[in-house]
Amino acid sequence: MHFLRELWDNVREFVTTVGAVALFFGRVLAQLPRALLRPSLVVEQVHNTGALSLVIIMTCGLFVGMVLGLTGYDLLQRFGSEEALGTAGALAVVKELGPVVTALLFAGRAGTALASEIGLMRATDQLTAMEMMAVDPMRRVIAPRFAGGVIAMPLLTVIFIAIGIFGVQLVGVQQFKVDAASFWSQMRSSVGMDDIMEGVVKGCVFGVACSLIAVYEGYTATPTAEGVGRATTRTVVISAVLTLILDYILTAIML
Amino acid sequence: MSSSAASTEKPDAQTAPDSIVEVRDVHYSIGGRAIFSGLNLQIARGRITAIMGPSGTGKTTLLRLMTGQIKPDQGQILFDGIDVGSLSTSALYALRRRMGMLFQNGALLTDEDVFENVAFPLREHTDLPDSLIRNIVLTKLQAVGLRGAAQLMPAELSGGMARRVALARAMATDPEVLIYDEPFTGLDPISMGMIVRLVRQMNYALGITSIVVSHDVEELSILADASYIIAGGKVAASGSFVELKDHESEIVHQFVNGLADGPVAFHYPAPDYYQQLLAD
């Protein structure tokens, strides 16, 4: 009986939270056009979430590509198909690893920064002060940050993919001397525009999901040090889980 | 603002002012605990009104009700005749443009410098050119004595300076009512004296109404034209400070004279001390 009651409470809490996030998303979307009318605010957030994440995205993209080059070469050379490394590596990076790893890194770097910044603004009465100055924080703080994240995420994904493919090439062609012409020509003939669009679409969807979770958690954070810490942690955990679930759904749809 | 401004005198006490804020039979509870149960008070236009009371009596909650951040369970709060609790979000934001609020911690935007903090409401609500905004901001900062600190970040300010910047920001759009939430808490005597002087200057020089929520009896006795003491969810006493000092109510006597024990007990309710000590 106790177990059933606890289960019911958890289900009810989950449904309530999903409803609250949906309503919050609606409020953000309603304020988005007015936020976009002040491009300087959005550009500043694209810089904060995107440009400041570039180093970590590029570094991780390079190493993910290089690891893919190592494991891919090891696997393919057993079948004498080393020349297919370009195709295998590119497809893996473009369709899966690029958008997913970028989203996970985005949640860890930009998402936590957004959640803690907004949470601290709440804890130090900055959001209430804005409301008292008749300035809607949803328009002035939340919508520009959400828009910045949504714009930055696909751009970061494309950069990750490009650097990742360079990493595969670095190991395959430079280290293991796979024929460069075969590497690139097989990649060009096998990877189509629809594969690239799949990666970009995933990047956009993950951008909406991760940015929404970050601004929601920050905005609804309990205004204490512990509350802001919890919101930051929840941002990473929920964004990561949601990214993987959405990745499965999107892959199944676009297969 | 120059301290020599001739218009910083109190208005004629004989002129009966009308009310700009009226709290009518307000009931409000949080988590089943009644904060207010039939609260009634009036804030006179153009005067400085103090709202006092022991910690936890709901002074800040009353400010939140007056500014429409929360709604009363029952009763009305009228701002210049408008029922604050019944307003839509857009109407409430329009009404708030007639108010300015000074938060206990200043609530400055930590990523903006002092200049941009004061300019913030002007940039959000007006299309004034930068040159005019600059002049307004410098005028407001001059009034609080911090024109020279315009380029400092909030983290570089002392508590008193942060509150003066917040005051300049609250005044930026020339509101009709300035609300101060615990403006003296945690300040040294010099900063406290500055804030007292500023509140008085702003009120009488600009002809605005000031509502000061605090428990600093001494400062409010110098500052306020009228005072309310809230206790037990209602107004326990009201009037001038002299009238409050001679008030017959025990709780008012304890509060005004700063006595450690009285109706507000020193000890939080607990089981018998000796029984608890000997229990284990």
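Student: Leaving aside neighbours within four places in sequence, which residues is B:Ala168 in contact with?
Tutor: This is a predicted model, in which local features need pLDDT of at least 70 and side-chain atom pairs count only at pLDDT 80 or more, while totals for chains, interfaces and linings use all residues. Residues are numbered from 1 along each chain as its sequence is written, with chains lettered from A and ligands numbered from 1 in the order in which they are written. Two residues are in contact if their C-beta atoms, placed from the backbone, lie within 7 Å. On that criterion, and outside its sequence neighbours, B:Ala168 touches B:Val118, B:Lys140, B:Leu141, B:Ala143, B:Val144 and B:Leu146.

Student: Which residues have the most contacts inside the largest nonpolar core?
Tutor: A nonpolar core is a set of buried Ala, Val, Leu, Ile, Met, Phe, Trp, Tyr and Cys residues joined through C-beta atoms within 7 Å. Buried requires 20 or more other C-beta atoms within 10 Å of the residue's own, exposed 12 or fewer, and partly exposed lies in between, with C-beta atoms placed from the backbone. The largest core has 137 residues, and those with the most contacts inside it are B:Ala168, B:Val212 and B:Ile229.

Student: How many helices and strands does chain A have?
Tutor: Helices (H or I, at least four residues) and strands (E, at least two) are DSSP runs, numbered from the N terminus. The C-alpha trace of chain A spans about 65 × 55 × 30 Å along its principal axes, and 44% of its 255 residues count as buried. Among its contacts with a separation of 6 or more, 87% join residues 24 or more positions apart. The element count of chain A is nine helices and zero strands.

Student: At what angle do α1 (residues 2-36) and α6 (residues 137-175) of chain A cross?
Tutor: Axes are lines fitted to C-alpha atoms, for helices over the stretch in contact, and angles run from 0 to 180 degrees between N-to-C directions. Under 35 degrees counts as roughly parallel, over 145 as roughly antiparallel, 65 to 115 as roughly perpendicular and the rest as oblique. α1(A) and α6(A) are therefore roughly perpendicular. Their axes come within 8 Å, and the crossing angle is roughly 90°.

Student: How do the residues of that contact of α1(A) with α6(A) divide by class?
Tutor: Ala, Val, Leu, Ile, Met, Phe, Trp, Tyr, Cys and Pro count as nonpolar, Asp, Glu, Lys and Arg as charged, and the others, Gly among them, as polar. The contact includes A:Arg27, A:Val28 and A:Gln31 of α1(A) and A:Met138, A:Arg139 and A:Ile142 of α6(A). The division is ten nonpolar, one polar and three charged.

Student: What is the phi of A:Asp125?
Tutor: Most residues other than glycine have a negative phi. A:Asp125 is found in the loop between α4 (85-123) and α5 (126-132) of chain A, and counts as buried because it has 20 C-beta neighbours inside 10 Å. Although not a glycine, A:Asp125 has a positive phi of about 65°.

Student: Is A:Ala134 buried, exposed or partly exposed?
Tutor: A:Ala134 lies in the loop between α5 and α6 of chain A, and its phi is also positive, near 60°. It has 19 other C-beta atoms within 10 Å, so A:Ala134 is partly exposed.

Student: Which strands stand at the edges of the four-stranded sheet of chain B?
Tutor: Two strands pair if DSSP finds at least two bridges between them. The open sheet has the order β2-β1-β4-β5, with antiparallel pairing. Each edge strand has a single partner, so one side of each is left without a neighbour in the sheet; these strands are β2 (33-44) and β5 (82-83).

Student: Which residue takes a positive phi in the hairpin of β4(B) and β5(B)?
Tutor: These strands pair in the antiparallel sense over two bridges, with B:Leu78 opposite B:Asp83. Two residues lie between the strands, and the one with a positive phi, near 50°, is B:Asp80.

Student: At about what angle does helix α6 (residues 189-206) of chain B run to β8(B)?
Tutor: β8 belongs to an open, mixed sheet in the order β6-β7-β8-β3-β9-β10. β7 (residues 177-181) and β8 (residues 209-213) pair in the parallel sense over five bridges, and B:Asp181 has B:Val213 as its bridge partner. Helix α6(B) lies across β3 (48-52), β7 and β8, and its angle to β8(B) is about 155°.

Student: How many residues does each chain give to the contact between chain A and chain B?
Tutor: The side of chain A that touches chain B has five nonpolar, three polar and two charged residues. The contact takes ten residues from chain A and, from chain B, twelve residues.
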